[in-house]
Amino acid sequence: MRVLIVEDEEALTTLLRYNLESEGFSVDAAARGDEAELLLAERTPDLVLLDWMLPGLSGIELCRRIRARRETERLPVIMLTARGEEGDRVRGLGTGADDYIVKPFSVPELLARVRALLRRAKPAHVADRLAAGDIELDRTGHRVRRAGSELHLGPTEFRLLEFLMLSPGRVFSREQLLDGVWGHDVYIDERTVDVHVGRLRKALNGPRQVDPIRTVRGSGYAFDETFTLEP
């Protein structure tokens with residue numbers, strides 16, 4: 001899952017990035033409100049950590065704009081601020097923030113709030129297990145079973161299956177899969193996706209078993225939302 005940190009204190013951004021990445025999150029960061037607005041237009045994260053006082057565009061105004069856009073109106077937002085007065089908290093929450101934490105704060109407490117908010121907003125994305133048809137994916141144990149039998153997937157194939165199973169029916173382009181599975185800072189040929197999809201299919205599908213990975217010509221790949229046990 002991806003978190004966008006919008007914070008102009010570089011040391012705090014570095015601390016938050018380190019701890020979030022240690023918990024398995026992907027992290028983007030912006031030091032200005034207007035820069036964050038551009039990032040949000042390019043790609044919607046799963047959660048935003050938003051400082052109140054920002055150059056370019058205030059956190060309060062950015063939160064208003066997040067709630068005004070259809071694509072981000074339900075995006076979880078935690079406001080970070082040194083303003084701890086009750087009136088400020090009411091204003092921040094009234095603008096549309098889902099939670100509000102006052103600086104200085106405990107990083108473990110912040111991480112707990114992030115996880116709690118994501119559990120409410122996107123329960124499937126923080127579930128320990130994903131299941132569809134006769135396929136079960138254990139996210140903590142990094143194991144996959146089909147029809148009760150354990151499958152042997154490489155780490156990339158595991159991440160690819162997990163990414164697709166989180167959004168059944170959604171078609172992802174090769175570029176989106178590279179971004180979501182390999183990371184947007186890694187430069188790999190798009191044909192690499194086809195190779196790993198082929199390996200994933202070989203590992204998943206035995207004789208007479210339905211292929212849950214759907215190829216959409218000219219678009220990309222999807223985990224078939226109509227996937228069932230019967231061929």
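In this predicted model, four strands make up an open sheet with antiparallel pairing, in the order S6-S7-S8-S9. Its edges are strand S6 (129–132) and strand S9 (149–151), each of which pairs on one side only. Neighbouring strands of this sheet are turned against each other by 25° on average, direction ignored.

Strand S8 (residues 143–146) runs antiparallel to S9, and three bridges join the two.

Helix H7 (residues 155–165) lies across S6, strand S7 (135–138) and S8. The direction of H7 is at about 110° to S7.

H7 also has a helical partner. Helix H9 (residues 191–204) packs with H7 at an angle of about 85°, the axes being 9 Å apart. That angle makes H7 roughly perpendicular to H9, because values from 65 to 115 degrees count as such. On the H7 side, the contact residues are Thr156, Glu157, Leu160 and Leu161. They meet His196, Val197, Arg199, Leu200 and Leu204 in H9. By class, this contact of H7 with H9 has five nonpolar, two polar and two charged residues.

**The parallel sheet**

Strands of a sheet pair through backbone hydrogen bonds, either parallel or antiparallel. Here the pairing is parallel: five strands form an open sheet in the order S2-S1-S3-S4-S5. Strand S2 (26–30) and strand S5 (99–102) are the edge strands, and each pairs on one side only. From one strand to the next, the twist averages 20°.

Which residue of S2 is the bridge partner of Leu4? The partner is Asp28. Strand S1 (residues 2–6) and S2 pair in the parallel sense, with five bridges between them.

Helix H3 (residues 59–68) packs on this sheet. H3 touches S1, strand S3 (47–51) and strand S4 (77–81). The direction of H3 makes about 175° with that of S4.

**Helix H1 and its partner**

Helix H1 (residues 10–22) packs with helix H5 (residues 107–121) at an angle of about 55°, with axes 11 Å apart. That makes H1 oblique to H5, and the crossing is right-handed. The H1 side supplies Leu15, Leu16, Asn19 and Leu20. Their counterparts in H5 are Val107, Leu110 and Leu111. By class, the H1 contact with H5 has six nonpolar residues, one polar and no charged.

| Helix pair | Angle | Axis separation | Contact residues by class |
|---|---|---|---|
| H1 and H5 | about 55° | 11 Å | six nonpolar, one polar, no charged |
| H7 and H9 | about 85° | 9 Å | five nonpolar, two polar, two charged |

**Salt bridges**

How many salt bridges does a search of the whole structure find? The search finds 25.

How values were computed: Residues numbered from 1 in each chain as written. Predicted model: local features only at pLDDT ≥ 70, side-chain atom pairs only at ≥ 80, totals over all residues. Heavy atoms only, no water. Axes fitted to C-alpha atoms, helices over the stretch in contact; angles between N-to-C directions. Parallel < 35°, antiparallel > 145°, perpendicular 65-115°, else oblique. Left-handed = near helix turned anticlockwise from the far one by under 90°. Contact = heavy atoms within 4.5 Å. Nonpolar A, V, L, I, M, F, W, Y, C, P; charged D, E, K, R; others polar. Pairing = 2+ DSSP bridges. Salt bridge = Lys/Arg side-chain N within 4 Å of Asp/Glu carboxyl O.
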